[in-house]
Amino acid sequence: MPIIQGIAFTEELLIKLIDDVREKKELGPVERNIVRELLVKELQSNKKLVIFLAEHELRTVDRASKYKELLKNVRAKLRKAYGMFQIEGERDKWEALEDLKKAIAKKHNVEVTEGLHRELLKTHLSSKERLGYYDDIYKQIWQVTGKPRIVIDVGCGLNPISFPFMRLNKVDYYASELNTQDVNFLNTYFNIMEEFGLYGKAVQQDLRDIITNPYLFTVFPRADVCFMFKLFDSVKVLGKPKTIDEKLIEKVPAKYVVCSFSTQTIGARSMRVVKRDWVEKLCMRHGWAFKKFEIENEVFYVIDKHGVVI
Ligand SMILES: C[S@@+](CC[C@H](N)C(=O)[O-])C[C@H]1O[C@@H](n2cnc3c(N)ncnc32)[C@H](O)[C@@H]1O
C-alpha cells in the first residue's frame, strides 16, 4: 500500500487515478509509471487532498471537485511534457503512414511523398509549427555541421519524419522518445524509408535518467549531430534537477548539438519572448562555438562540441 505524506493510500485509488488521467485520448499513450510518478508528486504537495481522497469512498470519489481538479492539473502537466503531440482534428497518423507506404510501393520516389510527409508532421504540434521552415532549418544547420552521416534525435517526437527536408542521401538515424507509441510508430516509418537511405532506429528513453545513469547514452554510437529540439521545457515539467539540460548537452556523444526553444508559450495569446542565455553561458564555459538562428516562434543553437572527449 503506498504511503503518501504519512497517509496510507490504497493501490486501487492510485490505479483509478492513473486510469482516469489516461482516459483522455491524447494521453492514452503516456506510460502508467510516468502518470503515477506525477500523481504522487502532486499529492506530496497537498496533504489535505491526500487525507480527503484517502478517506473518501472509492466508488464515488470521482464525483468530488477536488478529485477532478487533481486530474486536471496532472493532465495539464502531461500535455506540456509531451508537447501536446496528438493534434485534434488532424488525420490519424497510422492511416497517413499506411498511405505513405502505398505511395512508396507504387512510385519508389521520396519526392512524390513530401505531401504525405507534411500530413504526418502535422500530427505533432512541434513539427507542425515548423512545417514551412524545415528546408531552411536544415540548410542553416548543415552550413555549420556539414551533411551528417550519423544523427541522434532525443525527445524526438515526430521530427525524424522531416527526413525528406534534410536532403540527405544516406544517414544512420538514432531516435529516442519517452512515449513508446511514438517509438513504435517511428520504427515502422524507418522500415518504410530504408530504401531511401534512412537507416533509423527508435528507442524508448526517459532522459531524466541521465542524472543517475551515466551509461544512458551508450545505446548510441558517436554521432555527427544530435537534435534536442524543443526538449528542455518538456523534460522539466515532469520534474528534474536544475542542471539536466546542461548534462544532456554535455553527455550526448555527438560533435554538434542543435537545441531549440519555443519563443512563444503554448496556448498563450500574447507572445512571450523567452531568453535562453544559459545555453550561451554553457558554451562559453566549455569554450564551444555556437551559431544562433531564428524562425517564427523558435530559436535554434547549433553548438560545436568538436574535440571534446566524452
Ligand atoms: C515539445 S516536444 C518536441 C518534440 C520534437 N523534439 C520536436 O521538436 O519536434 C517534447 C518531446 O519531449 C519528449 N519528452 C518529454 N520528457 C521527456 C523525457 N523525460 N525523456 C524523453 N523524452 C521526453 C516528449 O514526449 C515530446 O515528444
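The protein is divided into domain 1 (3-81) and domain 2 (127-304), with bounds that come from an automatic or database domain assignment. This is a predicted model, in which local features need pLDDT of at least 70 and side-chain atom pairs count only at pLDDT 80 or more, while totals for chains, interfaces and linings use all residues. Residues are numbered from 1 along each chain as its sequence is written.

Between the C-alpha centres of domain 1 and domain 2 there is a separation of 31 Å. Nine residues from domain 1 and seven residues from domain 2 make up the contact, where two residues count as touching if their C-beta atoms, placed from the backbone, lie within 7 Å. On the side of domain 1 that touches domain 2, α2 (32-44) and α4 (65-81) each supply at least two residues; helices are DSSP runs of H or I with at least four residues, strands are runs of E with at least two, and both are numbered from the N terminus. That side of domain 1 holds five nonpolar, no polar and four charged residues, with Ala, Val, Leu, Ile, Met, Phe, Trp, Tyr, Cys and Pro counted as nonpolar, Asp, Glu, Lys and Arg as charged, and the others, Gly among them, as polar.

Most residues other than glycine have a negative phi.

| Residue | Phi | Loop |
|---|---|---|
| R167 | about 55 degrees | between α9 (163-166) and β4 (171-177) |
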